[in-house]
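Subject: Structure handover

Hello,

Please find the structure below, with notes on what was found in it following directly after. Could you look through them when you have time?

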Amino acid sequence: MQLLEQVQDGVRLSVSTPEEDVRAAATANDSLILEFEAFRDGRGFSLAAVLRGLGYRGRLIAAGKVLPDQARHLRRCGFDAVELSPGADPAPWRRMDQVFSAAYQPASGDDRLVWRQRHTNPDAALAARLNAQWGQAAAEDLLRAVLDPALERKAAVISSFGAEAAVLLHLISRVRPDLPVVFLETGQHFFQTLAYRRELTERLGLTDVRDIKPEAAALSKADPRGDLWRSAPDACCTIRKVQPLAQALAGFDTRITGRKRYQNSHRAALEPFEAADGVLTVNPLAAWSADQTETWLRDHQLPRHPLVEQGYPSIGCWPCTRAVETGENARDGRWAGQEKTECGIHERALAPAC
Amino acid sequence: MYRYDEFDAALVRERIAEFSDQVDRRSSGALTEDEFKPLRLMNGVYLQLHAYMLRVAVPYGVISSRQMRRLAHVARTYDKGYGHFTTRTNIQFNWPALQDLPAILSDLAEVEMHAIQTSGNCIRNVTTDVFAGVAADEIEDPRPWCEIVRQWSTIHPEFSFLPRKFKIAIVGAPKDRAAVRTHDVGLQIVRGEDGQTAFRVFVGGGQGRLPHIAQEIAPAVPGQSLLAYLTAILRAYNLLGRRDNIHKARIKILVAAIGIDAFRDEVERQFAILRQEDLRIPDEELARIQAYFTPPPFADLPATSPAYDAARRLNPEFARFTRSNLREHKQAGYGAVIVSLKPIGGVPGDITAAQMDVVADLAARFSFHEVRASYEQNLVLPHVRLEDVHAVWSRLREAGLATANADLATDIIACPGLDYCSLANARSIPVAQALSHQLADAALLEKLGPVRINISGCINACGHHHVGHIGVLGVDRKGEEYYQITVGGSPDEQAALGEIVGRSLPAEEVAPAIARALDRYLEIRNDGELFIDTVRRLGADPFRTAIYELTDAAA
Amino acid sequence: MKLLTANRLNDGRVIYLGEADAAVEAIDAARILDADAAEAALTLAQSRPAVFVNPYLIEVEDRAPSGRDRLKERIRSVGPTVGHSLDFAARNETP
């Protein structure tokens with residue numbers, strides 16, 4: 001809304017003017033100044049709303065006794081500008097006008113109506129509701145909440161069958177052992193990972209673990225010798241992980257991951273439920289600590305990935321994973337010596353909802 | 001119950017930032033007290049006799065265990081360890097400092113609470129039936145509609161500077177348990193001709209100096225058009241309501257002045273020119289909000305509980321409590337327990353922080369984490385298994401919350417009066433306490449049956465004395481407290497204003513006079529006739545005689 | 001005679017104009033004002049809106065409120081006559 005520091009010329013009516021007289025004046029003028037005699041006198045807001053409702057396209061200026069705290073009321077009722085009283089400080093006017101990021105009431109030419117925003121991105125609203133209701137709940141309850149048949153979500157689990165994967169898969173086995181579990185068989189895994197995938201699947205009774213492989217044609221074209229990771233690790237991840245995953249997950253609107261806040265700084269603000277790009281992402285273990293994970297694995301006597309004992313706390317493909325030294329973070333062994341911290345499957349489609 | 005999504009949460013946070021800015025500008029002198037006052041009022045902040053008062057909204061009276069615990073925290077941390085529930089189902093804190101208010105509001109925002117529009121000349125907290133979602137006679141649960149109206153009315157750009165305050169109540173049953181006809185707008189859910197949800201709309205009710213019972217303006221406004229219709233009513237009122245005299249500024253005066261038919265014409269004219277498509281509630285939004293109010297996961301129980309029946313047989317005190325404070329639930333095997341905030345000789349509506357914690361714990365264990373605040377200034381645990389009622393009662397009893405008097409004569413509705421309120425002419429609480437002691441005998445109470453006594457400390461009528469079966473109004477006679485008594489008021493679907501029986505009485509004569517009126521009722525009632533029905537049958541005269549009997553003899 | 005009273009901006013508490021133009025909480029510490037001093041006191045309080053909210057004068061006899069609003073002013077000076085604020089300390093729920 002425009003802040004006018006000079007007295008404006010034009011037809012000037014008190015907000016106490018009867019509605020029909022204001023409407024008549026509007027018909028005859030392409031600009032109207034409505035003068036508030038007291039800031040408590042809210043008739044001016046309704047007069048502006050009536051004129052705008054009738055389709056008046058002229059300029060509406062508020063004048064007289066109005067407070068900066070009424071800036072957004074004026075704007076949303078249809079005023080274009082306010083005539084400031086002499087010497088008034090425009091700073092609070094600007095500040096108060098922008099206090100609210102959205103509104104429950106429609107206003108002409110305004111797209112910040114809460115209803116509309118809610119339903120343009122229904123997953124965001126669902127994620128927010130689930131976070132509010134279940135954000136503090138135990139991981140298993142949180143899974144049950146999102147897998148409630150009433151929500152009609154089509155969900156799949158993404159698992160690396162890595163060092164901590166057994167926790168999420170164990171929870172899945174308790175809630176819905178038939179849920180599809182997507183394992184990216186990149187062709188570059190440690191043989192221990194492949195053995196562990198078989199062992200854990202059998203032990204937990206998971207009935208729908210899917211090995212997702214890169215498309216052979218794409219692979220032979222982009223990485224015929226299987227050493228793309230040396231020259232272009234991002235491209236390697238794209239072809240062996242990101243693209244196959246996108247194909248495997250087509251048709252699913254909900255993805256369940258084992259990501260946790262403590263794993264790296266990019267994940268520090270991770271919410272249990274996130275929405276982006278038409279997909280709901282569920283991170284039941286978001287708030288878990290390393291100790292909690294360790295305790296769970298031990299208490300439930302879950303089989304460990306064979307490489308953990310050898311100093312690999314985070315395990316990906318063999319070329320890009322190394323053991324970490326004491327004092328390093330768990331994921332420091334991933335793409336060590338590079339800027340890279342994520343393979344990409346958790347970045348685009350799975351970016352946290354704003 | 002409803003939970004905030006990111007938008008609701010953001011708005012409440014932004015409102016706190018706005019209010020903090022206003023507090024800072026008031027402190028620096030950039031805002032005068034005259035300018036600041038309406039802004040703080042719209043955030044529930046009054047300046048009362050002894051301190052600021054913060055009125056926290058409990059939208060349509062629904063409150064979770066977590067929220068109740070947070071209210072206890074606020075009472076302990078920023079106040080003197082208690083709060084006061086009002087007839088608009090809000091809670092008031094009497095002693096917060098201005099500088100603490102942003103912190104208090106932040107603490108509340110964390111549990112999805114706020115104080116927005118609990119005062120000021122704007123649309124106030126929407127109220128409803130305390131037994132919404134519980135009562136068997138309900139056509140439809142009114143709470144989703146309350147939430148829709150709550151959101152639509154929150155920080156409304158057009159209706160934040162009305163001529164005067166504006167109160168809306170919604171009920172979903174033919175039985176009116178929310179006094180809708182005493183509201184500026186009262187809404188009653190009905191079935192429209194197409195079988196869809198519609199609203200019977202009443203307008204122009206209100207209490208205060210010039211009380212009015214609302215009149216019907218529309219028999220069945222379709223649910224989809226509710227917000228457009230409300231907008232038309234508010235717009236007509238905002239443009240035409242009086243602003244020259246605060247006592248004549250409510251919509252009731254406008255409706256009475258031009259007549260309901262002329263006002264209806266005005267509303268329909270506004271309805272016809274406003275852009276209704278913008279205000280039509282999208283189906284998916286209605287469905288989204290309704291989803292929050294699906295019944296909790298009730299157990300499949302038989303209609304009776306042997307353990308409950310046995311406890312009633314063995315313990316007469318418990319049996320009495322269940323007769324007065326347990327209400328039927330539409331789900332077999334469950335009941336709704338009324339938590340009395342009316343201990344004998346206590347302050348009506350007051351609750352200590354420790355008691356709030358007790359109620360929160362009981363709700364968490366026995367009532368799906370849910371508490372309701374009632375029009376009568378009590379609390380309700382809405383979904384208690386019959387077999388758990390005894391355990392609930394025992395704990396309430398230890399905490400002083402199990403007075404067996406719901407809807408009985410000592411279940412007195414009273415405003416804070418001159419002990420706290422800067423508008424009051426006389427004290428309300430001491431009169432309520434004297435009456436409570438006078439009528440304390442449990443057997444007598446039960447014999448009297450349902451009697452509603454309301455006490456207001458001034459003509460603003462926050463104690464709703466006009467619609468009490470017996471009403472007491474404090475007046476100032478040359479610096480002395482006197483009390484005027486009315487008989488025959490009623491807030492329900494047969495809403496009526498009480499009749500003033502005669503000259504006002506000094507404080508010490510009020511309780512004995514009312515006790516005599518109730519004795520007279522016992523003498524003249526027909527079998528099974530309720531107090532209010534006896535008044536309706538015989539008029540105020542027999543009670544007038546009883547009230548002035550001794551005082552006349554003495555004079 | 002008169003006293004000047006108001007509520008304090010930062011905490012809303014009842015205050016009186018005391019000696020040396022200080023705001024005091026106890027009515028016993030309030031400065032007794034004759035008619036001329038009362039007008040001057042009102043002007044002074046109105047010029048200090050960051051302390052005195054809604055200042056006004058009350059009538060007193062022997063420091064006890066005596067005008068038409070004497071009951072209200074007595075309650076303002078001593079606090080609520082009933083209720084939970086009284087036994088707050090006794091309940092040991094210190095804020």
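Strand 6 (residues 155–159) and strand 7 (residues 181–184) of chain A pair in the parallel sense, over 3 bridges. Strands here are DSSP runs of E of at least two residues, helices are runs of H or I of at least four residues, and both are numbered from the N terminus. Two strands count as paired if DSSP finds at least two bridges between them. Within this pair, A:Ile158 has A:Val182 of strand 7 as its bridge partner.

Before the rest, the conventions. This is a predicted model, in which local features need pLDDT of at least 70 and side-chain atom pairs count only at pLDDT 80 or more, while totals for chains, interfaces and linings use all residues. Residues are numbered from 1 along each chain as its sequence is written, chains are lettered from A and ligands numbered from 1 in the order in which they are written, and side-chain values use heavy atoms, with hydrogens and water left out.

The sheet in chain A

The strand pair belongs to an open sheet of 6 strands in chain A, with the order 8-7-6-9-11-10 and mixed pairing. Strand 8 (209–212) and strand 10 (273–276) of chain A have a single partner strand each, so they stand at the edges with one side left without a neighbour in the sheet. On average, neighbouring strands of this sheet are turned by 30° against each other, direction ignored. Angles run from 0 to 180 degrees between N-to-C directions, and axes are lines fitted to C-alpha atoms, for helices over the stretch in contact.

Two helices of chain A lie across strands of the sheet. Helix 6 (residues 122–134) lies across strand 10 and strand 11 (279–282) of chain A, at about 175° to strand 10. Helix 7 of chain A lies across strand 9 (254–256), strand 10 and strand 11, at about 160° to strand 11.

Salt bridges

Over all chains there are 76 salt bridges, the rule being a side-chain nitrogen of Lys or Arg within 4 Å of a carboxyl oxygen of Asp or Glu. One of them joins A:Glu140 and A:Arg144 at 2.8 Å, N to O. Both residues lie in helix 7 (residues 139–146) of chain A, 4 residues apart, about one turn of the helix. A:Glu140 counts as buried because its relative accessibility is 15%, whereas A:Arg144 is partly exposed at 40%. The cut-offs are under 20% relative accessible area for buried, over 50% for exposed and partly exposed in between, with a 1.4 Å probe and protein chains only.

In chain B, the side chains of B:Arg520 and B:Glu549 form a salt bridge at 2.7 Å, N to O. B:Arg520 is buried at 17% relative accessibility, and B:Glu549 is partly exposed at 36%. A network of salt bridges links B:Arg327, B:Lys342, B:Glu376, B:Asp407, B:Asp411 and B:Arg452.

B:Ile170 sits in strand 7 (residues 168–171) of chain B and is buried, with 0% relative accessibility. Leaving aside neighbours within four places in sequence, its contacts (heavy atoms within 4.5 Å) include B:Thr127, B:Trp145, B:Leu187 and B:Phe199.

B:Thr127 is in strand 6 (residues 127–128) of chain B and is also buried, at 4%. Its side chain makes a polar contact of 3.5 Å with that of B:Arg88. A polar contact is a pair of N or O atoms within 3.5 Å; within protein, one must be able to donate a hydrogen and the other to accept it, and residues adjacent in sequence count only if both atoms are side-chain atoms.

Chain contacts

Which of the 2 pairs of chains in contact shares the most contacts? It is chains A and B. Chain A and chain C have no contact, and their closest C-alpha atoms lie 19 Å apart.

Chain C and chain B bury about 2800 Å² between them, 57% of it on carbon and sulfur atoms. Buried area is the accessible area (1.4 Å probe) that two parts lose on being put together, summed over both. The count of salt bridges between chain C and chain B is 2. C:Arg70 forms a salt bridge with B:Glu480, the closest N and O atoms being 3.0 Å apart. On the side of chain C that touches chain B, helix 2 of chain C gives the most, with 5 residues.

Regards
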